[in-house]
Amino acid sequence: MTKQKVVTCKMCKQEIEEGSYLLKVHEDLFCGNCYEEQTAVFYQLNGDDGWMDGLEAKEYRLVEYLYEVGERA
């Protein structure tokens, strides 16, 4: 049995739990609490064109993110 990769939020440093949503901005990961309250607004306001696009940020469920990372490995 393989151990699931631990994914932590860049802002609050808490582990992102199974079933939770996360936001990947470039290579940084943010939990649902941090990106809804702070991160998404920051990147939307400070992005090149004022909004995040698929190249800058993408929302995942944790299991989807781990699957995508596993496919690239």
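A residue is called buried when its relative accessible area is under 20%, exposed when it is over 50%, and partly exposed in between (1.4 Å probe, protein chains only). By this definition, buried residues make up 30% of the 73 residues in the protein chain. The structure is a predicted model, in which local features need a pLDDT of at least 70 and side-chain atom pairs count only at pLDDT 80 or more, while totals for chains, interfaces and linings use all residues. Residues are numbered from 1 along each chain as its sequence is written, and side-chain values use heavy atoms, with hydrogens and water left out.

Confidence is given as pLDDT, the predictor's score for each residue on a scale from 0 to 100. The protein chain has a mean pLDDT of 76, and 64% of its residues reach 70 or more. Helices (H or I, at least four residues) and strands (E, at least two) are taken as DSSP runs and numbered from the N terminus. Confidence in the protein chain is highest in β2, at 90, and lowest in helix α1 (residues 32-46), at a mean of 62. Where pLDDT is low, the predicted coordinates should not be read in detail.

The protein chain contains two helices and three strands, and along the sequence these elements follow the pattern β-β-α-β-α. A contact is counted when heavy atoms lie within 4.5 Å. Of the contacts in the protein chain with a separation of 6 or more, 46% are between residues 24 or more positions apart. The protein chain exposes about 5,500 Å², of which carbon and sulfur atoms supply 50%.

Two strands are treated as paired if DSSP finds at least two bridges between them. The three strands form an open sheet in the order β2-β1-β3, with antiparallel pairing. The edge strands are β2 and β3 (57-61), each of which pairs on one side only. On average, neighbouring strands of this sheet are turned by 25° against each other, direction ignored; the axes behind such angles are lines fitted to C-alpha atoms, for helices over the stretch in contact, and angles run from 0 to 180 degrees between N-to-C directions.

Strand β1 (residues 21-25) pairs with strand β2 (residues 28-31) in the antiparallel sense over four bridges. The antiparallel pairing of β1 with β3 has five bridges. Four of the five residues of β1 are buried, so this strand is largely enclosed by the rest of the structure. Lysine 24 stands opposite leucine 29 in β2 and has lysine 58 as its bridge partner in β3. Leucine 22 stands opposite tyrosine 60 in β3, and valine 25 has aspartate 28 as its bridge partner in β2. In a regular strand the side chains alternate between the two faces of the sheet.

The hairpin of β1 and β2 has two residues between the strands. Histidine 26 lies in this loop and has a positive phi of about 55° although it is not a glycine. With a relative accessible area of 48%, histidine 26 is partly exposed. Lysine 13, in the segment before β1, also has a positive phi, near 65°. The relative accessible area of lysine 13 is 59%, which places this residue among the exposed ones. Most residues other than glycine have a negative phi, and most peptide bonds are trans.

Rings of Phe, Tyr and Trp (its six-membered ring) were paired if their centres lie within 6.5 Å; planes under 30 degrees apart count as stacked, over 60 as edge-to-face and the rest as tilted. The rings of tyrosine 60 and tyrosine 65 have their centres 5.5 Å apart and their planes at 75°, so the pair is edge-to-face. Tyrosine 60 and tyrosine 65 are both buried.

Cysteine 12 is also located in the segment before β1. Its relative accessibility is 29%, and cysteine 12 therefore counts as partly exposed. When neighbours within four places in sequence are left aside, cysteine 12 is in contact with Cys31 and Cys34. Cysteine 12 and phenylalanine 30 are 18 residues apart in sequence, with a C-alpha to C-alpha distance of 8.2 Å.

Technical notes
Areas by Shrake-Rupley, 256 points an atom, 1.4 Å probe, with all protein chains shown as cover.
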